[in-house]
Amino acid sequence: MMRTIIVTGSAGLIGSESVRRFAKDGTHVLGIDNDMRAEFFGAEASTKKTRDDLIATFRDYEHQDMDIRDSAAVMDLFKQHHGTIEAIVHTASQPSHDWAARDPQTDFTVNANGTLNLLEAARTFSPEAPFIFTSTNKVYGDTPNGLPLRELEKRWEIEPGHEYEPGISETMSIDYTKVFGYKGKQVRDNIHSFDLVEAFAEFIRAPRAGEVYNIGGGRHSNCSMLEAIEMCEQISGKKLNWSYEETNRIGDHIWWISDVQKFQAHYPNWKFRYGMRDILEEIHAALTE
């Protein structure tokens with residue numbers, strides 16, 4: 001019997017990487033993506049080209065132009081594939097916090113109701129299949145901005161010896177937050193989509209019910225905005241044309257580095273393949289083809 005992995009948001013960044021990863025080894029991948037990104041952010045944000053590339057490249061890829069808010073359609077799809085669903089990788093969402101504030105009704109129905117529809121369909125027709133739900137570090141709200149941070153020359157950094165020095169772990173509370181922004185030294189860890197999807201694959205091989213993991217570049221791959229600009233200039237051999245505004249971007253964390261030690265302890269075969277410079281070099285190569 002052909003095993004099937006369902007990927008929602010299959011034409012997006014993480015979704016399409018998931019399709020490539022699993023379709024390559026002969027798994028039947030059922031992708032759900034209705035290109036709502038074009039509705040959210042305009043025609044230039046359309047995922048249609050990625051969708052068409054996946055269809056043309058992988059014979060084991062089956063695309064469904066479906067809205068996850070349509071509970072009957074979602075339930076029927078899972079029913080059709082009853083008994084063959086090996087896993088569900090849910091990456092479909094409305095990802096912008098600014099957009100959510102402008103249209104909270106649509107944001108909620110996509111992100112909350114859509115997820116509920118998928119969970120209910122999975123519970124009904126594939127209750128043993130691992131369900132991977134991808135979220136954002138913004139679930140921690142403004143809490144990371146209350147950490148004891150030191151301002152260095154090009155970045156913010158946490159005080160040495162703090163429990164979150166390896167990165168922010170799953171112990172941080174997601175309650176009682178509001179979100180505001182910050183400056184040009186704010187730090188993010190960066191993970192290549194390949195490394196993230198390899199983490200999905202490890203979890204699917206040996207699922208742990210109800211576990212939550214912080215996944216990102218961790219201490220292996222992170223930088224501030226100033227450091228990213230410097231690396232981009234080194235890679236491209238050109239000076240970047242940029243300016244600084246004092247007003248902070250709403251919703252920005254000053255410092256975010258994920259502590260991935262819990263996932264690494266549970267899945268010791270998972271290793272990083274890409275670092276910060278590798279990621280930027282790949283982006284530069286793609287833009288200069």
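Visitor: How many helices and strands are there in the chain?

Guide: There are 10 helices and 10 strands in the chain of this predicted model.

Visitor: How compact is the chain, and why?

Guide: Its radius of gyration is 20 Å, close to the 19 Å that the globule rule gives for 289 residues, so the chain is as compact as a globular protein of that length. The C-alpha trace spans about 55 × 45 × 40 Å along its principal axes. Of the 289 residues, 46% count as buried.

Visitor: Where do the side chains of strand E3 point?

Guide: In a regular strand the side chains alternate between the two faces of the sheet. In strand E3 (residues 61-64), Tyr61 and His63 point to one face and are buried.

Visitor: In which sense do strands E2 and E3 pair?

Guide: Strand E2 (residues 28-32) pairs with E3 in the parallel sense, over four bridges. Within E3, Glu62 is the bridge partner of Leu30.

Visitor: Which residues of the largest nonpolar core touch the most other members?

Guide: In soluble globular proteins, nonpolar side chains tend to be buried together. Here the largest nonpolar core has 25 residues, of which Ile5, Phe22, Val29, Val89, Phe200 and Ile204 touch the most other members. Strand E1 (4-8), helix H1 (13-23), strand E4 (85-90) and helix H7 (193-205) each supply at least two residues of this core. H7 gives the most, with seven residues. A second, separate core of 16 residues includes Leu30, Ile32, Leu118 and Ala122.

Technical notes:
Residues numbered from 1 in each chain as written. Predicted model: local features only at pLDDT ≥ 70, side-chain atom pairs only at ≥ 80, totals over all residues. Heavy atoms only, no water. Buried < 20%, exposed > 50% of the residue type's maximum accessible area, 1.4 Å probe, protein only. Pairing = 2+ DSSP bridges. Core = buried A, V, L, I, M, F, W, Y, C linked by side-chain atoms within 4.5 Å. Rg over C-alpha atoms; globule rule 2.2 N^0.38 Å.
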